[in-house]
Each structure stands twice: as structure tokens, then as C-alpha cells.
Amino acid sequence: MPGIFLSYRNIERSYAPMLVDRELSRRFGPENVFQAGRSNLPAVHFPTEIDRRVDECDLLIALIDRPWVGEDLRLLRKPGDWVRWEIARALGQGKRVLPVLLDGAEMPRTAELPADIAHLTRKIALRMRPRTVDTDLLRLIGEVERLVPELVLVTLMDPAPAKNVGGPALLRAEHQVLPFRHRGELDLLAEWCSAPAGPPVQLVVGGLGAGKTRLGLRLAAQVRGSGRPGGLLSVTAPAECLDRLGEIGSPCLVVLDDAEARPVQVRAALRSLAAAPEAPARLLLLARTGGDWLNDLRDDADDAVADLVDSIVPLSLAPLRPAEEDFATACGAFARHLGLPLPSLPSDRPETPTLLELQAAALTHVLSPDAPLDRPLRRILGSERAYWRKAGTAFGLPVSSDRVLTEVMATVTLFGADSEPEADGLLTSLRAFRGGPLHAIDSCRDLLRTVLPGPAPLNPLQPEQLAQEFVAEFLNSGYRLADVLDGVSDEQARRALRNLGRCLERHPQLGDPVEDFLAAAPGRLLPLALTVLPSVPQPQLLVSAMSGALSRTAQGELPAVVEALPLRSDALARFAVDATERALGVRDADASDITTARLARRLSVRLTYLGQRPSDAVEAARSAVRALTALTVKESAQVESLAVGSTPGSVDAELAEAHAALALALDLDQSSRDEAVAVGETAVARYRALPGGDRHDAALATALHNQSIRLRRVRAMQAARTAATEARRLVEPLHTERPTRFRSLYADVLDNLSIVTHLTGNPEEAERLGRQTVALRRALAAARPDAYRSQLAGTLFNLGLLLTENEPKGAQARQLWDESLSIYDALSVRRPGHYDEPLDRVRAHLDRRKADDDD
């Protein structure tokens, strides 16, 4: 365990030892700070204890006052002097030693000190004076964190849960009442954790109740058992403290549970580890899925972070199913924990779909042996409400009816609070306390700290499955969450939306109440909902509620929603079209202002992405081109007055993008291919005229790539190859410098270049390019199978086509097509009918190849 040793001459002559001990103990915990006057216990052998504490510490702080460097120098020359002994022992072992000069004291000269502590004078010292003591203490704490980042880690971990808990709290994973069921994934993670080298980050994914938290707790316990720090990161841990994770010099484990809902902490930890690739720290992420939240991290502006995330291979946990003996085991464990007699077991074990519900049934049986065992979560909630009523009366809550208590507990569970002002805002907005006396809210806060304990000012009912059951029952009673909106922050509203999105997975009937909540303030809540979608394992139900709220959104609130939309998202594709179309519908589509033009372009791009309504996509892009063309002929001052932040340069960039969008929309109609080529050429020319830089180089490369495909379709092969070659020249250095960000574009460009190279008479080079593309596609599909497996299937088919003209490689072509077919088949299960055309194409070539082989 990392620790701090305070070395001082006489505690009675200076304020400093006690003050420094108090502040460091408050920050890092008293068990991690040794101050002899406080830490030594009666009957302890003093010399032995001092030696042990110095040997175990990571940092010795030498508090040096004026007498220390004056009359006390003679004491330091005595071999048995304890201050000399402490400092010499620390220096001799290579420990970090930090001198702190008190009240104007100066560092002694090297010649004045004995040889075994003379090296102390070479250490840079901090200063501490009474008039600046608060600032000096903060600086001292900062230096301790810099010198011993392990101490920061210890303070970030969740403390051990209280032992004297009862009720539903016992169902929480951290109490570990039910014995841990060993699983092979633990051995894999333990090996990863103890390996001297290897990936610093591991991701474990599994549904609600899969046992992720228990697995993380067990692994952390094993790490601590080997003498290394390890534990679950607290949800309240400041992200800035994680900046030093990569600086920790000894092996340690940080387990970050519910990672998809904690993006700020995850990103801070990843950036720290990415900046220190040789650091021995290990980060274990636990999440429901490796979906959009992980993809957002792969697109991080820091390429080192993106590459680190790209290297993560998720480890999937299968759901834990109740075993035959689990009910009896759980009953015995709960009875022992609560000090209750073990009731006789029922003849039939209750049938429950999840292990948590089985534990709930066991707890119900121990608490009320005669109660029925059906619907165990509901029965646990019933006993919990009785406890709330009793506690409410004990705390003098003026109104403690079931309705009031349910409203308080449900809204606190949904919205929570990370600060005292947030807690006050939520509680004062509840119907039960509006206009009431302040002491009622104070009583309620006291009640909440008792019945819903945790690190934050307001904490949710847990475990999550029980909380979802409670919230579903609460919302089905007709309560309107919108009533508290004025009293909650955006972060609280975001938390509520995330909780509701997760709740919909188990309780889809809550779609109407969730839609009503969103529709109460769509301009505020819909953009917030967009940010939580990546942390919702099955976002479709939340998107459906968002679509319903969108239809009830006032015209003036639509632009904020559209502005918050991501450029691409399968889950939001239809919603994005609807939102953009509605926002555009309230404006004059032919108006010559940049905001309208941008909306029209986005609508065209989103319709093209869906592959639907091609004529509408074309018309939207044309209107954008018309408006932006008109803007380019106006004076710069006029342009700037039309939209805040607009400049002639930004209008030029928008016009280039509008032409590119129009060309893509025209691609949807085979009869418009000639016009698509002409418009595509205009887009390329306009991109060429923009200033250089990675962004415009990538945009120009994309435009050239798309234009090459169009030229290939109209059989202008040499022109197609010229465009594809230039696209490769532009994107190749971008990919070399920032592979994670530009790998997909580079793969697209090489895929097309291999085809046009083959069609222009260079099959060997085409095959080389095709194999390079397949390697890139495999890397992309391994990292993001949902986004890139279909592209891998297409590239496998293309490479197979190239190989069919080389007879000895015909068997390889068939293998490639077989793999392509299997990928399309798997994708079709999730999206029936979407991949029929490529499936038919691959099957036709396989059948033809098989017929040729048979002949």
C-alpha cells in the first residue's frame, strides 16, 4: 500500500506536523499517512515500527523548521538520532524525499549535515508560512500527487461497503452475499493483469445481470491479495485525477464499471495510458455493449487514444443463469448475514429468469418465510416501501404517505445529484415540498442519506434491475416527470434520459411516458437524449419516443435539435431525416442564407444515406447549391451579416460540400449519371480551391474517390484511374500519420483503385491493392463489426473477381466469396431484405464458379 511518512523534530514546537497530517489524511486517508504522534499505538516497539513504516512508505516528507537548521544540527550528528535515522534510511533505499521548509527556514549546507543525509540538500524544497498556509498546503498536496500517483489511485476507489446493511441493498453486487461462481473469464483477466507487457485496457461486455461487476470485484480482490492496488473506480472520482494513471510506476488495476455511462472518466483514463504506453497500470472497462460509445472513443481527436481503443478486443460474458442449488445457497447466505434463522426451504425452487430475481426470492423467503415467492422484485419493493415509511416517520418527515415517498425515491433514482445545489433544486421542485417549510426538505435529505446511501448527495435505489422495476411502476401510475424539469440541471436531465432509455429495454410499455417527458421541453431534452444514446444498449425504443416528441416540437426549437445530430448513425438515420426536414420546412427553402442552405444539404445527405426518396434528396441539394451560389457573389460584409461566424471561406466550403451532396444524390438515379459526373467535377474543382490542411485534403480525396467511381460507371477508365490515384496520393500520408481516423477512407480509396487498375490492364497491381484493402477492411471490421462487416464482404467479393481471371487462383476466389456470403447471411438476419442484392450477386458467381469446376 502506498504511503507518506512525516519526519519532524518536535511536534510540540510547531503547528506544521499536525496540520500537514490533517490535510494529507483528509485527501489520501489517515491509513496512508504515518505521523508518529497519531499513528503509533501503545505497546508498539518504536524502533521496529519506525523502520517498518519507512520501508513501506513511497514518500518521506521532511518538515524542517528554523531550530532544525540551527541548534538542532548538533542532534543530527548523533548516530542514534531518530530524524537522521529516518531520512538516512529513506535516502539509502532510494525513496522519494520531499523537504518542506517552515516559517522562513533555509536549507542547511551540505557540509553541515552527516554524510548519510547530505543528499537531502540536493532536493528541491517547498515552503510553508502561516500567512500563506492554505495555498502552501494545496501546493504540497499537488506535489504529493505528482510524486506518488499511486496515492491518487487509492483515493479514487470505492470504499468497502458497510457490513450492517439489510433489505434490497444486500442484492447489490458489491456486498457479494452469494458466493462467487468461478468462470473462465476470470483466469483470462488475471493473466492479462499480471502480464509484464501487453494491452493496458480490457473491455468486458455483457447484459444486465451477466455478472460483470462481480467479476471485476473478484479480479480486484485478487490483485489486492498480491499486494498491488486495485478496485472499482468511484463514480465521483474527478476526471483530472485520472490524468496521472499512466504515471503510476507499479502494477495496479482500475475497474471502471458501467463504462458507457461514464465517458469523461473513460476518456481521461485512456488519454493518460495512451501517453504512457509502457505504464504498468491496467484499466478494466465493464459495459453492457461495445457499441456507439466505444465508436465515439475510436474517433477521438487524440490519435494515440483512438489507436488504443482500436486495439481493444471485447470479452463477452454469457448471462448467468440460476442453478439448481442457488436458491438454497442464497437463503443460507442471507440468513447468516442478517443473523436470522434459516427457514425451511419450499419444496419447489422458484422459477426466475435472472440470478438477481432468484436472490430477491431468497431474501424475501428469509425475511418472510410465509410470503409467496412469485414476482420477487415487486415483493422486495413492498418491504422496502414499508421501511421507507417507518424511516420517514422517524426522521419527522411532515408528509410520509406512500405517494410522496414514491415520488421522492423515484425522482431521486432517475435524476440523482452530483452537488448540493443539484440536490436542493430537485427536492424543492417536487410537488410534496412546493411552498412547504425548509425543515421538510432537510428531513427528506436526512432520510435519503439513510435509506439510499452512497457517495453523491442524492443516490439511486440499487441494484439497477430493482430500480427499473420501481421506476416502471412509478411512471405507469401517471406521474409526469416534466413537473420537475425547472428544478434540475442538464446533467441531471441527461442522467434521467439515460436511465429511462435503459429502463425501456425491460419495460417497453413506458414509451408514452418517456415521449411525454421529451415533448415537455424538446429543444432542451432532445439534444441531451442524442448524447445518451451511445450508453443505451438497445436505443431503438428511446429513438422511437424521441420521434414522437419531435412531432410535437415547436418550430423555433427544431434548429437546436438538428444542430446536435451526429453526421452518421444507423439508429438515428430516420430520426435525422425527420428532424432536418421539419426544420427546413419552417424556412423558405429557396432563401439565400447559409443556415437554410446547410439544412438543405444535410437533408440531402441523410436521404442519400438512407437510400430513399432520391428525387427529394436531389432537390434538397439543388436548393442548397442555388442558395450558396447566390451568397458567393455578395460582398464579404454582407455574407458575415447573414449568419454569425460565416465568412466567404466558410461559404465556399459549404458550396463545395453542397455540390458533393448533389452528386451523391444524383448517383441514386441511373438516368442521371452524366449530370452526376459533371456535378462531381464541379465539387472536385471547388474543393481544390479551398485552403490546404488535413480536413480539406480528406474532403478532396473523398470527392476524387466518389468521382472516380462515377467515371468508372460511364466507362471513362483512364480518367477514373487518374482521379483514384490522386485520391490515394492525398489520403496515404493522412493514413500514415493518423491511421485510426483515416483507415476507412484509405480502404475505400484502395478498393476502388484496385478495380480501376484491373480494368485498365494491370491485374498484378490490382491484386496487390485488393489484398491490401482486405487487410484494412479486416482491421476495421474487427474493431467495429456493426459498421464495417458489410464493407469487408464487398471487398472480399471484389478481390475474388480479380482472382477469377487467374485460373490457378480460382480456388482462392471461391474461398473469398464463401466468406463474403457468410458475412452477408449473418447481416441479413439483423436487417432482413437490406442485403438481398449483394447476396444474389455473390450466390450467382459462386454457382457459376461451381458449374465451371464441375465441367
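**Close-up 1. Salt bridge between Asp-516 and Arg-552.** In this predicted model, the side chains of Asp-516 and Arg-552 meet in a salt bridge at 3.1 Å, N to O (a salt bridge is a side-chain nitrogen of Lys or Arg within 4 Å of a carboxyl oxygen of Asp or Glu). The pair links distant parts of the chain, 36 residues apart. Asp-516 sits in helix H21 (residues 511-520), and Arg-552 in the loop between helix H23 (540-550) and helix H24 (558-564). Helices are DSSP runs (H or I, at least four residues), numbered from the N terminus. Asp-516 is partly exposed at 38% relative accessibility; Arg-552 is partly exposed at 43%. Buried means under 20% relative accessible area, exposed over 50%, partly exposed in between (1.4 Å probe, protein chains only). Residues are numbered from 1 along each chain as its sequence is written, and side-chain values use heavy atoms, without hydrogens and water. Because the model is predicted, local features need pLDDT of at least 70 and side-chain atom pairs count only at pLDDT 80 or more, while totals for chains, interfaces and linings use all residues.

**Close-up 2. Salt bridge between Glu-563 and Arg-602.** The two side chains meet at 3.4 Å, N to O. Glu-563 belongs to helix H24 and Arg-602 to helix H26 (residues 594-610), 39 residues apart. Glu-563 is exposed at 53% relative accessibility, whereas Arg-602 is buried at 17%.

**Close-up 3. Salt bridge between Arg-777 and Asp-748.** The N to O distance is 2.9 Å. Arg-777 lies in helix H34 (residues 763-783) and Asp-748 in helix H33 (residues 739-759), 29 residues apart. Arg-777 is buried, at 5% relative accessibility. Elsewhere, shared partners join Asp-258, Glu-260, Arg-288, Glu-464, Arg-502 and Glu-505 into one salt-bridge network. The whole structure holds 59 salt bridges.

**Close-up 4. Packing of helices H15 and H16.** Helix H15 (residues 376-394) and helix H16 (residues 402-415) pack at about 105°, with axes 10 Å apart. H15 is therefore roughly perpendicular to H16 (65 to 115 degrees). Axes are lines fitted to C-alpha atoms over the stretch in contact, and angles run from 0 to 180 degrees between N-to-C directions. Arg-385, Trp-388 and Arg-389 of H15 meet Asp-402, Leu-405, Thr-406 and Met-409 of H16.

**Close-up 5. Surroundings of Glu-185.** Glu-185 lies in helix H8 (residues 184-194). Glu-185 is buried, with a relative accessible area of 16%. Neighbours within four places in sequence aside, Glu-185 is in contact with Leu-215, Leu-315, Ser-316 and Leu-317 (contact means heavy atoms within 4.5 Å).

Technical notes:
Helix = DSSP H or I, 4+ residues; strand = E, 2+ residues; numbered from the N terminus. Parallel < 35°, antiparallel > 145°, perpendicular 65-115°, else oblique.
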